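I keep these notebook entries as I look up one structure for a reader who is new to it.

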Amino acid sequence: MGKGGMSRGDAGDEEEENMAAWLLGINDLKIQPFKLPPLGPYDVKITMKAVGICGSDVHYVKHLSCAGFVVKEPMVIGHECAGIIDEVGSEVKNLVPGDRVALEPQITCWQCDRCKEGRYNLCPDVKFFATPPVHGSLANQVVHPANLCFKLPDNMTLEEGALCEPLSVGVYACRRAKVGLYTNVLIMGAGPIGLVTMLAARAFGAPRIVIVDVDDQRLSVAKNLGADEIVKVSTSVQDVPEEVEKITKAMGARVDVTFDCAGFSKTMSTALAATGTGGVVCLVGMGHNEMTIPLTPAAAREVDVIGVFRYQNTWPLCLELISSGKIDVKPLITHRFGFSQKEVEEAFETSARGGTAIKVMFNL
Amino acid sequence: MGKGGMSRVEAGNEENMAAWLLGINTLKIQPFKLPSLGPYDVRVSMKAVGICGSDVHYLKHMSCAGFVVKEPMVIGHECAGIIDEVGSEVKNLVPGDRVALEPQITCWQCDRCKEGRYNLCPDVKFFATPPVHGSLANQVVHPANLCFKLPDNMTLEEGALCEPLSVGVYACRKANVGLDTNVLIVGAGPIGLVTMLAARAFGAPRIVMVDVDDYRLSVAKGLGADDVVKASTNMQDIPEEVEKITKAMGAGVDVTFDCAGFNKTMSTALGATRTGGKVCLVGMGHNEMSIPLTPAAAREVDVIGIFRYQNTWPLCLELISSGRIDVKRLITHRFGFSQKEVEEAFETSARGGTAIKVMFNL
């Protein structure tokens, strides 16, 4: 459902150049040719149809860096994506041209200790779409390992396929924190990550979910998407005791698991204090590197702090949750753009501006 | 093996005496009236009582970890003794049995107790955590199910050492220490040492100890550390120390125990632990910490908290009596139960230096 811009190149007939959105400098995105690597025996070539914008993509556009990674050469942006298989490598058995797939954007070594124990998200040699120096997927076509492409059930749209990536963050966090039928959940931060975490927590069976934010608009979105209660908070550390009281009242029960989807001293301090004795705080957001937090009193109540980095083994579950209707991710898409120079620039500005924008989606 | 002082109280005859904390640096042996014996209680004649850092802290500050001594309180909680009398419903113990005591009485009704995490019971009564009286006394009354019969080959002093050892055992359990886990321990004080002994018993293949003090490091080496690394109190030295630690371990650090609990030690722990590993905060140095938490969380280094212990005495008895752990070497000084010796014992413990575990024999 493209809105103009580059058309798809037909394999074999007229070899149109593959085009992609390149990050050339701060605030400098250009659609330019993107030469694909040759198709390996275990690879597939995919025509991109839906690509979402992530906060990290925006951060790279604005700063040419994110979380310690630095863009040193032009790089294709984008990593939340789904498309249609064009061509499959000689050893690929599970996919055929025409299959609609969602892509898991991380290619890992499958040889190190982390990969071998299934925690491949922690592979030191990971190649992740649009984490420099690896090119992303906001392009007409990409080449990708077949085992990282997941066939969409018929009742799922390609946009829903692209949303599997942010949803995976929420799903993996809920898994690591062991969210389930017993766990009352508190979420700090109602941005896109807080929202997918909330959707995942609900799907995992959390009986009660309270979400906090500094922004009324975000809180009302969260309420509409199913939060049991919302609490407005400030950026002031002095307000922590009062806010913990409000949160406890809103939950009406012990807070078993808290997700900090913002990652600042304030949110982490609130999370630690608000979580019940013996509970878990899961740090998802990456606000500040160094934090000043009351860790000892929390540790002395056996409130554990769990980290999450991206996700592993989440796509099959995401597909199941979305196609069965247990999770509805479509309301997260607030803006849509086509794949043209003008629209690419506008899309990123929209996402960067925040406000009413949650997930900005490209249709190619 | 008392060295003078009070003799054991015959039931009903002599007054029960205890070491009372009356004010800062003020300990006095005074009468201690025991509660009546309930049907599920036992009365125990104390024989061995160790001094803990928290006991010393209460003596010096009248407070510890947020708890404040507001009225006179009997000190001491690491203890073992001989059963004098058992309540009417007590089936598993008889007078004459030698027992080690678990010092925490919990409600057994709340959610934490019901799920077995009774160490987190909000209504816990813990020996020598105000306002609950401790056990440095001739006799105490205690629930029978918190008294554990010592195997014949264990001494009463080893029985008393089950309490600090429990901290190490529980920490190793919570952090899943085992045959695959290389262990780093920051802080070679008594808690670091019992954690090391426990880690070894749990099968840790390699254990590196870190401290600022050469003497403590040599004790750690003598007790079985594979390697020791000297650290500073300077935050700037962290990258260099992480390098030394990594070299000393010769492999990834899977689990780190911070048995000190300061910005420096926690930051070092987070930096030194491998991706996907665990840091266990055991020590209670500072309440608020400034630490690089996000980079650690982004490597999925989890931070696990430890508060006291639960369900550790049976294992401690097994580990000690089987010889898998030798705790006797932790005892560096012994004192009897007299006014003068009580004062001297606490001064010795407070002074640190060569003192690890100071033990009373009553």
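The entries below take the conventions, then each chain, then two local features.

**Entry 1: Conventions**

I note that this is a predicted model, in which local features need pLDDT of at least 70, side-chain atom pairs count only at pLDDT 80 or more, and totals for chains, interfaces and linings use all residues. Residues are numbered from 1 along each chain as its sequence is written, chains are lettered from A and ligands numbered from 1 in the order in which they are written, and side-chain values use heavy atoms, with hydrogens and water left out.

**Entry 2: Chain A**

I looked up the annotation of chain A: an unreviewed UniProt entry gives "domain: Enoyl reductase (ER)" for residues 25-362. UniProt positions follow the numbering used here, feature names are shortened, and annotations may be inferred rather than shown by experiment.

I then looked up the secondary structure, where chain A has 10 helices and 21 strands. Helices (H or I, at least four residues) and strands (E, at least two) are DSSP runs, numbered from the N terminus. Residues 25-362 of chain A are 30% helix and 25% strand, with end C-alpha atoms 21 Å apart.

For overall dimensions, I find that the C-alpha trace of chain A spans about 65 × 40 × 35 Å along its principal axes. The radius of gyration of chain A is 21 Å, which agrees with the value near 21 Å for a compact globule of 364 residues. This radius is taken over C-alpha atoms, and the globule rule is 2.2 Å times the number of residues to the power 0.38.

Of the 364 residues in chain A, 58% are buried. Buried means under 20% relative accessible area, exposed over 50%, and partly exposed in between (1.4 Å probe, protein chains only). In chain A, 70% of the contacts with a separation of 6 or more join residues 24 or more positions apart; a contact means heavy atoms within 4.5 Å.

**Entry 3: Chain B**

I repeated the search for chain B, where the unreviewed UniProt entry places "domain: Enoyl reductase (ER)" at residues 23-360. That span of chain B is 30% helix and 27% strand, and its end C-alpha atoms lie 21 Å apart.

Chain B as a whole comes to 10 helices and 21 strands. Its radius of gyration is 20 Å, close to the 21 Å that the globule rule gives for 362 residues, so chain B is as compact as a globular protein of that length. The C-alpha trace of chain B spans about 65 × 40 × 35 Å along the principal axes, and buried residues make up 58% of the 362 residues.

**Entry 4: Helix H7 of chain A**

How many of the 10 residues of helix H7 of chain A are buried? I find nine in residues 265-274, so this helix is largely enclosed by the rest of the structure. Among the buried residues of H7(A) are Lys266(A), Met268(A) and Leu272(A).

**Entry 5: Thr268(B)**

Is Thr268(B) buried or exposed? Thr268(B) is buried, with a relative accessible area of 4%.

Which residues does Thr268(B) touch, not counting those up to four places away in sequence? I record Ile238(B), Glu241(B), Val242(B) and Ile245(B). The C-alpha atoms of Thr268(B) and Asp258(B) are separated by 9.1 Å, and the two residues are 10 residues apart along the chain.
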